[in-house]
Amino acid sequence: MKVLIIFITIFFNFCALSQLPEPLSTRLLSTSGAGVGAILLNESTILNPASAIFFNTSSFYYQKDDFTLNDDGDETSLLDNSHQEIYSIIDDSTSAKGGFSYIHQYFNGERRKRYSLSLSRPLGKKSSIGLIYKFTDAHLDNEYLKLHQFLIGFTHVQSNQLSFGLTINDPQFRVDEDFKITAGIQYTFSEMISFLYDIGTGDMENPDKKSFNLWAIQVGVFKDFFIRYGGGTSNFEGARYQSWGVSWTGPRLSLEYAYRNSDHKDTDYAFLQDNESLDQHSFALTILF
């Protein structure tokens, strides 16, 4: 019996470390993942494709992230060279709104490559619908995995101050752990202060079991400099989040930096162990054309 208990403990510890974090843009990291209800350009191939319909420009986006795993407050060597890179091209200058992104992750010896294609179309003057097709090529836990998945997104802009969003990830249930439905809102108190809030679940029959809620506030300074702070909890990933970030936006160029800390939350889907936390530093460059 003791041998069995030890084996089960080691097995689940290994499984927890073998998971790859869900890829997020630098901006989304600064808001702890909140943003489904926001009108975002670069995130239209990652988060909600429907928001792309409200832009009339094109962009090239590059992002580089580094990870650090902390054990009882001390940095460990478990995540040496763990990193993430994102490249995307968005073309919203024509009636066919959409984009393409490539994501490469190397995390604790495991790799994931993801190719995404997004398309969107209007549903009236204030609403839109979009679709992301994702092809994932991953090497996880000594196994190769190839997946074809979809994400459906909806956006409604009630006014200049208020917008809503809804996404359904993996509605065909290709991977049970990937299914997730998220609803989000963004409210702008003034031209310079915005509040974001997302809520959702990965289990419709028992929503609390895999529920999550994320929030963030954005403050603009001098019209081209933004500061963001966010947080939240997730039973879906078994983690608590705290994040912040800054960005500078010029006429054709923008730069962003974000930091997010994730620590253990005791659920059946915990990504980290009880004494672990994960630091993620992210830098991004956007060129508009």
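A: A contact here means heavy atoms within 4.5 Å. With that cut-off, 51% of the contacts in the chain with a separation of 6 or more are between residues 24 or more positions apart. The model is a predicted one. Its chain has 289 residues, of which 49% count as buried, and its secondary structure comes to 2 helices and 15 strands. The accessible surface is about 14,400 Å², with 60% of that area belonging to carbon and sulfur atoms.

The residue to look at is Arg114, placed in strand 5, which covers residues 110-122. Buried means under 20% relative accessible area, and Arg114 has 6%, so Arg114 counts as buried. Leaving out neighbours within four places in sequence, Arg114 is in contact with Glu22, Pro23, Ser101, Tyr102, Ile103, Lys134, Phe135, Thr136 and Gln149.

Two of these contacts can be described through side-chain polar atoms. The side chain of Arg114 makes a polar contact of 3.2 Å with the side chain of Glu22. Another polar contact, at 3.0 Å, joins the Arg114 side chain to that of Thr136.

The pairing of Arg114 with Glu22 also meets the rule for a salt bridge, with an N to O distance of 3.2 Å. Arg114 lies in strand 5, whereas Glu22 is in the loop between helix 1 (2-18) and helix 2, so this pair ties together parts that are 92 residues apart in sequence. The two partners can be told apart by accessibility: Arg114 is buried at 6%, while Glu22, at 33%, counts as partly exposed.

By the salt-bridge rule the count comes to 3. Another of them joins Lys146 and Asp137, whose closest N and O atoms are 3.2 Å apart. Lys146 is exposed, at 54% relative accessibility, and Asp137 is partly exposed, at 25%. A further salt bridge is formed by the side chains of Glu256 and Arg228, at 3.9 Å from N to O. Glu256 belongs to strand 14 (residues 253-264) and Arg228 to strand 12 (residues 225-234), so this pair ties together parts that are 28 residues apart in sequence. Both Glu256 and Arg228 are buried.

In soluble globular proteins, nonpolar side chains tend to be buried together. Here the largest nonpolar core has 16 residues, and Leu28, Leu196 and Leu214 have the most contacts inside it. Helix 2 (26-30), strand 11 (211-221) and strand 13 (239-249) each supply at least two residues of this core. Strand 11 gives the most, with 3 residues. For Leu214, again leaving out residues up to four places away in sequence, the residues touched are Ser32, Gly33, Ala34, Leu196, Tyr197, Asp198, Gly231, Gly232 and Tyr241. A second, separate core has 6 residues, including Leu20, Leu69, Leu272 and Leu278.

To return to the part in question: Arg114 is a buried residue whose side chain has polar contacts with Glu22 and with Thr136.

Note on methods:
Residues numbered from 1 in each chain as written. Predicted model: local features only at pLDDT ≥ 70, side-chain atom pairs only at ≥ 80, totals over all residues. Heavy atoms only, no water. Core = buried A, V, L, I, M, F, W, Y, C linked by side-chain atoms within 4.5 Å. Buried < 20%, exposed > 50% of the residue type's maximum accessible area, 1.4 Å probe, protein only. Helix = DSSP H or I, 4+ residues; strand = E, 2+ residues; numbered from the N terminus. Polar contact = N/O pair within 3.5 Å; in protein donor to acceptor, adjacent residues only side chain to side chain. Salt bridge = Lys/Arg side-chain N within 4 Å of Asp/Glu carboxyl O. Areas by Shrake-Rupley, 256 points an atom, 1.4 Å probe, with all protein chains shown as cover.
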